[in-house]
Amino acid sequence: MDPVLAVAIFVLGLAFGSFLNVCIYRLPRDLSVVRPRSACPGCEQPIRSYDNIPVLGWLILRGRCRNCKIPISPRYLFVEILTGAIFLACYVHFGATLATLKYCVFGFLLLGLIFTDAETQLLPDKMTLPGLALGLGFSLLVPVNDLASLLLPGVVSLPVSSEVSWHLLSLADAGLGAVVGASFIYGAGAIYLRARGVEGMGFGDVKLMAMVGAFLGTKLTIFTLFTASVAGSIFGVSTVLAIWIKRTRRRVARNHEPVSLARRRAWESAAIALRSHQMPFGVFLGSMAMVAFFYGNSFLHWYWGLL
Ligand SMILES: [Zn+2]
C-alpha cells in the first residue's frame with residue numbers, strides 16, 4: 001500500500017462526500033445538483049468557497065452558518081468522513097485495481113441512498129437507475145465473482161473464446177443479480193401489502209436492489225437480502241420492546257395502574273406505533289450491501305466451512 005496514494009484517495013473521498021451532501025439535499029427535492037451554488041437553507045446566502053472545504057469548513061464554523069448562525073446538520077460532517085473512509089477502505093481491501101474504482105462508485109451511491117432514505121424515506125431514481133447501468137457496465141471490467149468462477153473452469157464450455165465468455169458470464173450474473181434482488185423486494189412488498197394493508201416497501205427499494213444486484217451478482221445479493229431482513233427484524237422487535245417497556249413504566253408511575261394492566265395497554269399502543277411507523281428498509285439494504293462487498297465472500301466461505 002502506497003501511503004501517499006492512500007491519503008490522496010481519502011481526500012478525494014472527502015471531496016466526493018461533500019458533493020454527496022448536495023445530492024442528498026437536492027435530489028429528493030427535484031433540484032439540480034450542479035446549479036445554483038450551495039447556499040445556506042436559513043438565510044440563502046451563498047456559501048463561500050473557503051467555508052465549503054470538506055470537514056474543516058464545518059469544524060471551523062462549529063456547525064453553524066457564518067452569516068445567520070443557524071445550525072448545520074452534523075450529517076454533512078458524517079457523510080464526508082464516511083465517504084473518505086469507504087474510499088480508503090476500498091483501496092486497502094482491493095489495492096490499486098479496477099475493483100477499487102468499482103466499489104468506490106458503489107459505496108458512494110449506497111451512502112447517498114442510505115442517508116436520503118433515512119432523512120426523506122425516498123430513494124431517488126436519479127441515483128438508483130444510473131447505478132443499475134453502472135453496475136452492469138462494471139461487470140464487464142471487474143468479474144462478478146460467482147457464476148463466472150463456478151462455470152468457467154471447464155464445467156461449461158461455451159462455443160466462444162474464453163476471453164469473451166468471461167465477460168458474458170459476468171454480465172449475465174450481474175443481470176441475474178439485478179432480477180433476483182428486484183423481484184424479491186417486489187414480491188415481499190406485495191405480500192406485506194396483502195397481509196398488513198399498508199405499503200411496507202416501495203418501488204424505490206425495488207430499484208435499489210436492482211442496482212445492488214448488478215454490482216454484487218447473484219450470490220452476494222442473496223446475502224444482502226438475508227442479512228438486511230435479519231437486521232431490520234432485530235431493529236423492529238427491539239424498537240417495539242423499548243416502546244413497550246417505556247410506556248409500561250410511564251403508566252405505572254403516572255396513572256398508578258396495576259402492572260399487569262399497564263403492560264397490556266402499553267403493548268397495544270406499542271403495536272399501533274409499529275404499524276403506523278414506516279421503517280426505512282433501504283437503510284438496512286444499503287448498509288448490508290456495503291458489508292457484502294467487503295466481507296460477504298469471507299463470511300460465506302466461513303459458513304460453508306461449518307456445514
Ligand atoms: Zn445562513
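## A buried aspartate and its partner

D51 is buried, at a relative accessible area of 12%; buried denotes under 20%, exposed over 50% and partly exposed the range in between (1.4 Å probe, protein chains only). The model is predicted, so local features need pLDDT of at least 70 and side-chain atom pairs count only at pLDDT 80 or more, whereas totals for chains, interfaces and linings use all residues. Residues are numbered from 1 along each chain as its sequence is written, and side-chain values use heavy atoms, with hydrogens and water left out.

D51 forms a salt bridge with R66, with 2.8 Å between the closest N and O atoms; the term requires a side-chain nitrogen of Lys or Arg within 4 Å of a carboxyl oxygen of Asp or Glu. This pair links distant parts of the chain, 15 residues apart: D51 lies in the loop between α1 and α2, and R66 in the loop between α2 and α3 (75-94). R66 is partly exposed at 36% relative accessibility.

## Further salt bridges

The structure holds six salt bridges. One of them joins the side chains of K207 and D125 at 2.7 Å, N to O. Here helix α8 (residues 203-255), which carries K207, is linked to helix α5 (residues 125-138), which carries D125, across 82 residues of sequence. K207 is partly exposed at 25%, and D125 is partly exposed at 36%.

E257 pairs with R251 in a salt bridge of 2.8 Å between the closest N and O atoms. E257 is buried at 11% relative accessibility, while R251 is partly exposed at 24%. R251 and E257 belong to a salt-bridge network that also includes R265.

## Overall architecture

The protein chain comprises 10 helices and zero strands; helices (H or I, at least four residues) and strands (E, at least two) are DSSP runs, numbered from the N terminus. Along its principal axes, the C-alpha trace spans about 80 × 55 × 35 Å. Of the 307 residues, 38% are buried.

## The loop around Q45

Q45 lies in the loop between α1 (3-26) and α2 (56-60) and is partly exposed at 39%. Residues up to four places away in sequence aside, Q45 touches A39, C40 and N67, contact meaning heavy atoms within 4.5 Å. The C-alpha atoms of Q45 and N67 are separated by 7.5 Å, although the two residues are 22 positions apart along the chain.
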